[in-house]
Amino acid sequence: MKKVLVADDEDILRLLIVDTLEDDFEVEEAEDGKEALQKIRENDYDLIILDYMMPHLTGMEVLEEVRKDQNSTQVLMLTAKAQDADRESAIQKGANYFMSKPFSPMELLRLVGKITAS
Amino acid sequence: MVPTNYKKMLANRMEQDFSKWQIQQNIEEREVYRFLHTLKGTAGTIGIMELSEFCGKQLEFFTEESTALLPVQSLKPLMETFTDFFTSEQPIIEEAARSSEIAPVKESFVLVIDADATFAASVKDSLEERGISVVIALDGKKGMEFFYTLQPQMVLLDRNLPDVDGFDLVTQIHEAAKNSFLPIAVISADDRIETQIQAMELGATDFLAKPLNMSFFVPYVNNRLRNQKEISQGTLYDELTGAGNRKYFNHVLLQMTALAEKMRTAFTLVLLDLDHFKAVNDNYGHCAGDEVLRIFSQLLMNTKRESDYFFRYGGEEFALILPDTKAQTASDLLDRIHSAFAETAFSFDDSEPFHVSFSAGISEYRQKQDALVSMADRALYQAKKNGRNQTLIYERAQDDFRRHLNIIIVDDDSLVRKLVSKQFSGWKPEEFDLRIEEYADGASFVESEWFKPEENYMILLDGIMPKMDGLEVLNHVRNHYPHENIIISMLTSRNSESDIVLALKSGADDYIVKPFYAQEVVARIQRLTMRMFK
């Protein structure tokens, strides 16, 4: 089973994402950027889902740190502001996919399925 | 348990945030910004689009990085607006939560009877966005059927109906729901004052002119539902029969259980159900049906001992709670009632006199036994299976006999099938053994041997499928199988009103618009099935 990390400080949303994905993926959670980074360094994930705005370390900062270590893991950013400027700098920093909030859980499941299949 | 209720979680957290705000005098602007920002994303994702959009608009008034202090007092109106978003999601009262096994499904249904499907669909759309469930009937006959089976908390109807005069329905519904203060709104393009006066005289509570102003309509419905809820929670007796109502039943049952546990006494519960009651309604009309319910209740109230409690449990189902009574004593009492009722002959509009019988199930309280209702229900079910018109005492061996509820999902989208069946898999109803079946297309469903006459079915049918589309499947099922055990809900895409009309006219009971949120669909289906198969 493919392994996915969900990092979002908004617990209701995180729970919804876990509920949506847990049938098909091994899902782990992180409540903030710091915990996310620690888990990423200790585990081998197929996909990391990062919220853009998180306390301690933002999604962008986590992304930057991850890419210093490795380029292999796919990263999906959850952005609340679907602004192109943000996306562009995230792409430059090594993000692979985006989904803007609010999103439909079905859409997310489809996208995650597609990403991990490739 | 029930699927995760994200909405409730969100409402709770919001209340927590607000109570934190209220003990402060001022709040930093950026904190309000963050609150709105988070709420926008979460609300939208869990399916409350309107709230999400509202947050989006409010965000324009606040600055992201500002540390300016805002007085909390000035945010009061905003906070109240948010709280209002969740008021249709009334918290389940504590009493019901403790006895979840017997708790009736409490949320509201609004019944819309209107031949104009486009209009009805738009009403359904805007109310369901606010968490108010709507069921549509396109003609008077279906409307009355829903009125009796679903027992809605509000009725909206147009005068112009294809089969009957809508005003006749107002009279009938008003008569049946007399004194329960059911809101009945007539909605009509004909807004002459004479029409309005007539509607009021017949018992309508409101008159609304078409086209509706939606910004008024939604708060209006909320207002009426709130009143209705307050009134119905204030009463303990069923208006039609004078028996205790379900709320009173729950209360007495809890009280008796507590007493029995403390005093080590016994008591007995009896569930009674009129046999073939649907046939009475079908053959003699719903007014005759009501009369049968009244006379039956009268008989019970005259026969029972003073210390016994008698309730209308719902529809044609009744309950007795007999303090200090063993099951066998209860059974003797029931025998007397069986023979007295057998001597009661009914006749309506000069019809041939006819008789009605009932079946009953008895369960006796013993120490620490919380499934009393479901045991009586199983005994009742067994009595029905044995040929009706009899009373049985629950015995453990009867555990083999359980009612079956089959949820069938026919959809070519495997994701939809998976999400819906996953949400259902956590549901463990006391009353039913649940089985979930999935079919990837209409043809394979129709060709399978899915039907057993003794069981109940809830079919979720996708409108557009390869090989055989949903409408064909719908027609097939309605033409080849009995109606009463099968509820059909169509999954349709937004803006396909002609599909909706066709589906409802072809015998669908309900429809759900795609894309949907699995947990909401499941909650809706649970309520529909619990009401229609009770």
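This is a predicted model: local features need pLDDT of at least 70, side-chain atom pairs count only at pLDDT 80 or more; totals for chains, interfaces and linings use all residues.
At the interface, 21 residues of chain A are in contact with 25 residues of chain B. The area buried between the two chains is about 2,100 Å², with carbon and sulfur atoms contributing 65%. Of the area that chain A buries against chain B, 30% is supplied by Ile12(A), Pro102(A) and Met106(A), more than by any other three residues.

Five salt bridges are found across the interface of chain A and chain B. Arg110(A) forms a salt bridge with Asp413(B), where the closest N and O atoms are 3.2 Å apart. On the side of chain A that touches chain B, helix 1 (11-21) and helix 5 (105-117) of chain A each supply at least two residues. Helix 1 of chain A gives the most, with six residues. By class, this side of chain A comprises eleven nonpolar, one polar and nine charged residues.

Within chain B, five strands form an open sheet in the order 14-13-15-16-17, with parallel pairing. Strand 14 (432-439) and strand 17 (510-514) of chain B each have a single partner strand and stand at the edges, so one side of each is left without a neighbour in the sheet. From one strand to the next, the twist averages 15 degrees. Strand 13 (residues 403-410) and strand 15 (residues 456-462) of chain B pair in the parallel sense over six bridges, and Ile407(B) stands opposite Met458(B) in strand 15 of chain B. Helix 16 (residues 414-425) of chain B lies across strands 13, 14, 15, 16 and 17 of chain B and runs at about 170 degrees to strand 14 of chain B.

Technical notes: Residues are numbered from 1 along each chain as its sequence is written. Chains are lettered from A and ligands numbered from 1 in the order in which they are written. Side-chain values use heavy atoms; hydrogens and water are left out. Contact means heavy atoms within 4.5 Å. Buried area is the accessible area (1.4 Å probe) that two parts lose on being put together, summed over both. A salt bridge is a side-chain nitrogen of Lys or Arg within 4 Å of a carboxyl oxygen of Asp or Glu. Helices (H or I, at least four residues) and strands (E, at least two) are DSSP runs, numbered from the N terminus. Ala, Val, Leu, Ile, Met, Phe, Trp, Tyr, Cys and Pro count as nonpolar, Asp, Glu, Lys and Arg as charged, and the others, Gly among them, as polar. Two strands pair if DSSP finds at least two bridges between them. Axes are lines fitted to C-alpha atoms, for helices over the stretch in contact, and angles run from 0 to 180 degrees between N-to-C directions.
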